[in-house]
Amino acid sequence: AGLIILGNFLQSISVGINAIIFTTALSSYGASTALIGFILAIEFLSVFAISLGLPRLLKLFSLSAGLEISLLFRVPALIALCYTTDSRWWLLWVFLHGVGNFLYGILLQTWINGIDFGKNKGLVMGLFGTSISLGLAIGPLILALMTHRPDVLAPLMASIEVFLKQQLAIEIPATVSALTKTGLVLSAAFSAICAVPTLLCRFNTPKPVLSIDVSVRTLIALSPAAYFAVMLCGFTILGLQSFITLYGIKNGLDVASASYLMTAFMLGSITLEAPIASLSDRFDRRYVIIVLVLLGLVSAIYLPIVVYWRWPAWILLFFWGGMMGAVFSICLALISERFEGDRIVVANGAFSIMDNLGGLIGVLVMGIAMDYLGEDGFPYALMLASISYFTFALTRYRVQ
C-alpha cells in the first residue's frame with residue numbers, strides 16, 4: 001500500500017504543476033477563459049473510454065502492464081506541449097496526456113481498493129486521497145522554486161531542445177515563456193519518476209476476476225449518494241485546481257500569490273482529509289458527506305469576500321480543501337464496502353467516470369461563467385454545484 005500511495009503522490013505533483021502551467025500558458029497565448037475551460041475539459045473525456053473499457057483492458061494486459069503503458073502517453077505529450085502555441089495542438093496533446101494520467105490513476109485505485117484493510121478502510125483511503133492532495137500542493141511550490149533557480153534545469157532543457165532540433169527539426173517557438181518550458185519539463189520528469197514505485201512491486205499486483213456484464217449505470221443507481229458526491233468532488237476540486245490561480249490573478253494578485261491559493265486548498269486536504277475521513281468509520285458515512293457539502297457551500301459564499309486578504313483566504317481554502325478531500329476519501333470507502341469481487345473493477349471505473357464528469361462540467365461551467373459574469377462567475381458555479389447536491393440529499397437521500 002505504501003508504494004501505491006507513493007506512486008500516486010509523485011503523479012499528483014505532475015498534475016499540480018500542470019494546473020498552473022496549462023492555464024497560465026494558454027492565457028498568455030491569448031486564449032479566452034471559455035476556450036481554456038474547453039481545452040482542459042478535453043483531458044477529462046479520456047476517462048470515459050478508459051473506465052468503460054477497463055474490464056476488457058485488464059483481460060488484454062495485466063494491471064502492472066497497464067501502469068507502464070500509461071507512461072507512454074503522459075511524458076511525450078507534456079514535452080510536445082513545449083513546442084506549440086496552437087490551441088488545436090494543445091487539444092490533442094492535453095487529451096493524450098489525460099489518457100495516460102487517468103489510466104494510471106484508475107489502475108492504482110483499482111489496486112488499492114482490492115486490498116482488505118478491515119476496519120481501517122476509511123483511514124487508508126484517507127491516506128490515499130491525502131497523497132493526491134499533498135502532490136497537488138507541492139507541485140506549485142516546486143514550480144515556484146525552479147523559476148527562481150533556472151540553472152538547475154538548464155542542462156536538461158538544453159539537451160531536450162538540441163535532441164529534438166537535430167532529430168526532428170523542431171524548435172520551441174519564441175512565444176513560449178521560460179516558465180512554461182520549465183513547468184512542462186518538470187511535470188514530465190515527475191510523471192516518469194512515478195513509474196518507479198509501481199515497478200518495484202509489479203509482481204505483487206492482483207489479477208482481478210473480471211466480468212464485463214456488470215453495468216456502470218446499475219452500480220451508480222445502487223449507490224447514488226456516493227457517486228453523486230464524487231461528481232461534486234470532481235466539479236469542485238478539479239474545477240478549483242484549473243481556475244483558482246486565474247481567479248486570483250483577475251482579482252489583482254500576482255502569479256505567485258495566486259498559485260498559493262491552490263496550495264492552501266491542497267494543504268487543507270493533506271492535514272485534514274485523513275482525520276475527517278476516519279470520523280466516517282464511527283458515524284454514518286453518508287451523513288458526514290452531507291455535513292461537509294453544506295460547509296463547502298458556505299466556503300464558496302465567502303470566497304469572493306476574503307480573496308483580497310492573504311491569511312483569511314488561505315484559512316478558508318485550507319479548511320475547504322480538507323472537507324472536499326474528505327468527501328472524496330469517504331466516497332471511495334463507501335464504494336469499496338458496497339461492491340466486491342468482479343464488481344469492484346467496474347465500480348472503480350464508475351467512480352472515475354463520475355469524478356471526471358464532474359470535473360468536465362466544472363471547467364466548462366466555470367470558464368463560461370467567468371467569461372460572461374466576470375471573475376465572480378467562478379464562486380457562483382461552485383455555489384450552484386453544492387446547492388444541487390444538497391438539494392438532492394434533502395429530497396431523495398434515504399438512510400437504511
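Setting aside neighbours within four places in sequence, Val327 touches Ala229, Cys233, Ile289 and Leu292. Val327 itself sits in helix α14. The model described here is predicted. With a relative accessible area of 0%, Val327 is buried. Its C-alpha atom is 8.2 Å from that of Glu273, a residue 54 positions away along the chain.

## Overall composition

The protein has 400 residues, and 58% of them are buried. Its secondary structure consists of 16 helices and 0 strands. When contacts between residues at least 6 apart in sequence are taken, 86% of them link residues at least 24 apart. The accessible surface amounts to about 16,600 Å². Carbon and sulfur atoms account for 67% of that surface.

## Helix pairs

The table gives their geometry.

| Helix pair | Crossing angle | Axis separation |
|---|---|---|
| α13 and α14 | about 155° | 9 Å |
| α11 and α14 | roughly 145° | within 9 Å |
| α1 and α11 | about 50° | 9 Å |

Helix α13 covers residues 285-306, and helix α14 covers residues 310-338. How are α13 and α14 oriented relative to each other? Angles over 145 degrees count as roughly antiparallel. The angle between α13 and α14 is about 155°, and the two helices are therefore roughly antiparallel to each other. The crossing of α13 past α14 is left-handed. The residues in this contact comprise 20 nonpolar, 2 polar and 3 charged.

Helix α11 spans residues 224-250. It also passes α14 in a left-handed crossing. On the α11 side the contact is formed by Ala226, Tyr227, Ala229, Val230, Leu232, Cys233, Thr236, Ile237 and Leu240. On the α14 side the residues are Leu317, Trp320, Met324, Gly325, Val327, Phe328, Cys331, Leu334 and Ile335. By class, the contact of α11 with α14 holds 16 nonpolar residues, 2 polar residues and no charged ones. Val327 is one of the α14 residues in this contact, and Ala229 and Cys233 are among the residues that Val327 touches.

Helix α1, residues 2-28, packs against α11 at about 50°, and that angle makes α1 oblique to α11. The crossing of α1 and α11 is right-handed. From α1, the residues Val15, Ala19, Ile20, Thr23 and Ser27 meet Gln241, Ser242, Thr245 and Leu246 of α11. This contact divides into 4 nonpolar and 5 polar residues, with no charged residue.

## Individual residues

Gly322 is a second residue placed in helix α14. Is Gly322 buried or exposed? Gly322 counts as buried because its relative accessibility is 0%, and the cut-off for buried is under 20%. Apart from neighbours within four places in sequence, Gly322 is in contact with Phe265, Gly268, Ser269, Leu272, Glu273 and Ile276. Glu273 is a contact of Gly322, and the C-alpha distance from Glu273 to Val327 is 8.2 Å.

Val293 belongs to helix α13. Its relative accessibility is 1%, so Val293 counts as buried. Which residues touch Val293, when neighbours within four places in sequence are left out? They are Leu232, Ser386, Tyr389 and Phe390. Leu232 is also one of the α11 residues in the contact with α14. Val293 and Tyr389 are 96 residues apart in sequence, and their C-alpha atoms are 7.8 Å apart in space.

Lys250 is found in helix α11. Its relative accessibility is 40%, so Lys250 counts as partly exposed. Beyond its neighbours within four places in sequence, Lys250 contacts Thr33, Met370 and Glu375. Lys250 and Met370 are 120 residues apart along the chain, and their C-alpha atoms are separated by 9.9 Å.

Definitions and conventions: Residues are numbered from 1 along each chain as its sequence is written. This is a predicted model: local features need pLDDT of at least 70, side-chain atom pairs count only at pLDDT 80 or more; totals for chains, interfaces and linings use all residues. Side-chain values use heavy atoms; hydrogens and water are left out. Axes are lines fitted to C-alpha atoms, for helices over the stretch in contact, and angles run from 0 to 180 degrees between N-to-C directions. Helices (H or I, at least four residues) and strands (E, at least two) are DSSP runs, numbered from the N terminus. Angles under 35 degrees count as roughly parallel, over 145 as roughly antiparallel, 65 to 115 as roughly perpendicular and the rest as oblique. A crossing is left-handed if the near helix is turned anticlockwise from the far one by less than a right angle, and right-handed if clockwise. Ala, Val, Leu, Ile, Met, Phe, Trp, Tyr, Cys and Pro count as nonpolar, Asp, Glu, Lys and Arg as charged, and the others, Gly among them, as polar. Buried means under 20% relative accessible area, exposed over 50%, partly exposed in between (1.4 Å probe, protein chains only). Contact means heavy atoms within 4.5 Å. Accessible areas come from the Shrake-Rupley method with a 1.4 Å probe; for residues, only the protein chains shown count as cover.
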